[in-house]
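Here's a friendly walk through a protein model. Have a look at it first, then read on.

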Amino acid sequence: MTQPEAVAPLLDVRDLHVEFRTRDGVAKAVNGVSYSVRAGETLAVLGESGSGKSVTAQAVMGILDSPPGYVTGGEVLFRGEDLLTMGGERRRRLRGAKISMIFQDALSALNPVMSVGAQLGEMFSVHDGMTRQDSRAKAVQMMERVRIPAAKERAGDYPHQFSGGMRQRIMIAMALALEPDLVIADEPTTALDVTVQAQVMDLLAELRREYRMGLILITHDLGVVADVADRIAVMYAGRIVETAPVHELYAAPAHPYTAGLLGSIPRLDHKGKELHAIKGLPPSLTDIPAGCPFNPRCPRARAVCRTDRPPLFDVAPGRASACHFWKETLDDAG
Amino acid sequence: MPEPEPREPGSLAPDEAVTPAGGGASSLATSDAETLEGGPIPGGTASGKARSLWSDAWHDLRRNPVFLVSALIIVFLVLIALWPGLIASGNPLQCDLAKAQEGSQPGHPFGFDTQGCDVYTRTVYGARASITVGICATTGAALLGSVLGGLAGFFGSWGDALLSRTADIFFGIPIILGGLVFLSVVTGGSLWPVVGFIVLLGWPQISRIARGSVVTARQHDYVQAARALGAGNTRLLLRHIAPNAVAPVIVVATIALGTYIALEATLSFLGVGLKPPTVSWGIDISNASTQIRNAPHMLLWPAGALSITVLAFIMLGDAVRDALDPKLR
Amino acid sequence: MPGNGEAILEVRDLVKHYPLTRGILFKKQVGAVHAVDGVSFDLRRGETLGIVGESGCGKSTVAKLLVHLERPTSGRILYKGEDITRLSGRALKAVRRNIQMVFQDPYTSLNPRMTVGDIIGEPYDIHPEVAPKGDRRAKVRELLDVVGLNPEHVNRYPHQFSGGQRQRIGIARGLALRPEIIVADEPVSALDVSVQAQVVNLMERLQDEFDLAYVFIAHDLSVVRHISDRVAVMYLGRFAEAGTDAQIYEHATHPYTQALLSAVPVPDPRARADRDRIILTGDVPSPAHPPSGCRFRTRCWKAREKCARVVPPLEIPDWFLEGGGPEAHASACHYAEERPSPE
């Protein structure tokens, strides 16, 4: 703990494995994921459905549905301490106070029969042992922080009386109430309209700077990532296929899957032409292809891709790509 | 050991593409899919057979011990209801007063009742009344309830309001009081007034379930899609709504069957249901209840048979529900 | 070329109000949700009209009105000159053959108890005159092939397919009767990015192949721009602005369109620094109690007294007509003007 904060990562996920044991076989949802987040940094975990991005976060938070989900290997180090092996009570206390989570669907994540003021206040009275009155005042203060108009009057309202954007603000207020070191936001704005999404993302970015938190932003939206992230980890079939600082990744992807995703977005100069869709479908997690999991869909695939699983090659300082032909991919993109 | 969720399209969130669950179970949906070129994904063809939801449910049921046990009991009960002679050689109405209330003896394992009738034979023959009343009443209530509830749910408007309020009125009738009044007017002591009464009080429960599930099914996009194609109401109801709304009705009806059997026994116990010479567990329990101190065996056997029967149907209903709707677990 | 043909669909002053009622047996109307409140547009053969808007703006109701799943409160929908809103029975069924719909949710838009073959073949059961009984099986296989699915899979059930494949099945069903118009309500928004692109490509290919006119409804501005010839922006039951894709995306004059466009995250981190975003305050008002005058005035930074009083008509502003050149297009704002470009 004597290392300077800038060097020691806040959260260090190492070689995490998660599987789901289902009737149709074992689904390998996360297969050796490693990433780290430093204080004050925003890491975007980008992937499509079934990529394992949310499952990884659930395993980190310790909220994986078990059964059917099981963590079968790896470490999750929070300030150097492994969350997976620490006692349940200690982990529970870290959750909410030091690591908190923002969910996609605020309506189902909030208790429908408790006023939002009471729910926010509970955070303070349970974790900090505040009195009822103090915690209520703190709750209103928090609601003002996330810019809910007429916070004092609305503290007695129930979640369903708020609009989607306002509810997401309340979720953010709850996640930040105890000034955690790390916030995991799982598709925080996916359910919101564009104009409201912009409001909420702005608020989140501002509060992150103010509190100097680490933020893991889990999303499928390449636009949102470009707007707020410092670094990106792209996931496919339960693995990280590419990590890079955000500017470098958008300028020149080093993995064909990333390149394919970027090509799938409609752009101005593609008008009237075909979009560069990635052919085929993501693999079944019960039956991930041998070699590189992306090889059946990859335009660059050769014999080696069907037999040898590519490790994460170091491409440049702070950049890595799990592709045998990262050099060619990078050259073509540049 | 909890069974993993079978694939149930209805249970997938609409925004499956972005829910956390999409990381785990739902991505399995692609396991037997093919690439866009039409060729199968290598190694992904193992489960290429067409599987309907009913066969999925059957697949689940076959592995569920609760289902297997309850189904075995029910098959056994139905068999002895049809052919009691299979396991009982005596005549339930042939009694010997001299042996009244005697305990177990060779050839008469359950002993004798107050009239000197063989308790074993009467317990076996009693299954027929219970099973017949149960099945007939359930069929009647399910048909009446699902047709009325289904139509009300589909067409809505004033007919729906009228039906719902009527059902509420029937719900308000206390069953025992209603039974005492109804069955003392419609006399006879045979099966049919009892069946009739149970149908009369039972259909609102089924109609409520049927109405609810039709209302849910009606809102699905595939019904809208068929409507946009120009499909008429008959096609919508029979082809699109009924097959998707029938599962909850089946579940509730199966559980209701158990309670109807208990209700028949209760009414017979009170003396307004079935009457001798019909052999019924309810009648036997009623006769035995006065002698419970000196001859408990008279109560034990018919009451035990009744409990096991009711339990079997309720367990079956539970198992069927689990198989048809994994979300309810 | 798209957009040059005659108008096959003319929509005039379309209004749909859903009554809000109270009481159980004797219902009393206590208000109305103004889902669609005076929408007019033309659709020409072979072109794509995109309708964008946020949730609750009424775009899905427009789709339902076009395919006759709902009857409008007032207004007309002319298909080749004939008003179809009051049709019923045989005449309605005939029109339905020509206007089909593709739904948003690939998980609920296919009947889980029917095989894919039955789903795609159902249009022929309903309209037996389109295909003789013996031909149907072959037609279904052909349709599967057209939308890029394996014809061998006719006997499978929907849950054996992924989201993108199900959407293809939904498209095949919509194509079965060889319609002239397809109304697509958020057809790709439930799909993953890479699959989304496949379905958009498919829809564009089918449009060329079958000379289809699309009404493409979505909230994703970049997808709408990619596929549309003309675009209408909808807010609280009305069109705020309408024009060609370039007119709307490059020369927006309505404040709402400008805010919407500026709020879309751009998938390019370099754009972060010079983004000039308009962050709207507040939420969309309830369509049960829409604001008087201009619907957008409660969130608009330009709103003045006139906006509360006078409903701005959707027409080309005078200054635009005179000096606008090819950029001139209709905008429902009293103070319509282009934003100074960030460069």
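## Ground rules

This is a predicted model, in which local features need pLDDT of at least 70 and side-chain atom pairs count only at pLDDT 80 or more, while totals for chains, interfaces and linings use all residues. Residues are numbered from 1 along each chain as its sequence is written, chains are lettered from A and ligands numbered from 1 in the order in which they are written, and side-chain values use heavy atoms, with hydrogens and water left out.

Helices (H or I, at least four residues) and strands (E, at least two) are DSSP runs, numbered from the N terminus. Take helix H3 of chain B, residues 119-155: at 1.5 Å a residue, its 37 residues should span 54 Å, and the end C-alpha atoms are 53 Å apart, which agrees.

Axes here are lines fitted to C-alpha atoms, for helices over the stretch in contact, and angles run from 0 to 180 degrees between N-to-C directions. Angles under 35 degrees count as roughly parallel, over 145 as roughly antiparallel, 65 to 115 as roughly perpendicular and the rest as oblique.

Helix H7 (residues 221-229) and helix H8 (residues 233-269) of chain B pack at about 160°, their axes 10 Å apart, so H7(B) and H8(B) are roughly antiparallel. With helix H9 (residues 281-289) of chain B, H8(B) makes an angle of about 45°, and the axes are 7 Å apart. That makes H8(B) oblique to H9(B).

## A link in chain A

A salt bridge is a side-chain nitrogen of Lys or Arg within 4 Å of a carboxyl oxygen of Asp or Glu. The count over all chains is 44. One of them joins A:Glu187 and A:Lys53, whose closest N and O atoms are 3.8 Å apart. A:Glu187 sits in the loop between strand S7 (182-186) and helix H8 (194-211) of chain A, and A:Lys53 in helix H1 (residues 53-61) of chain A, so the pair ties together parts 134 residues apart in sequence.

How values were computed: Expected span 1.5 Å × (residues − 1).
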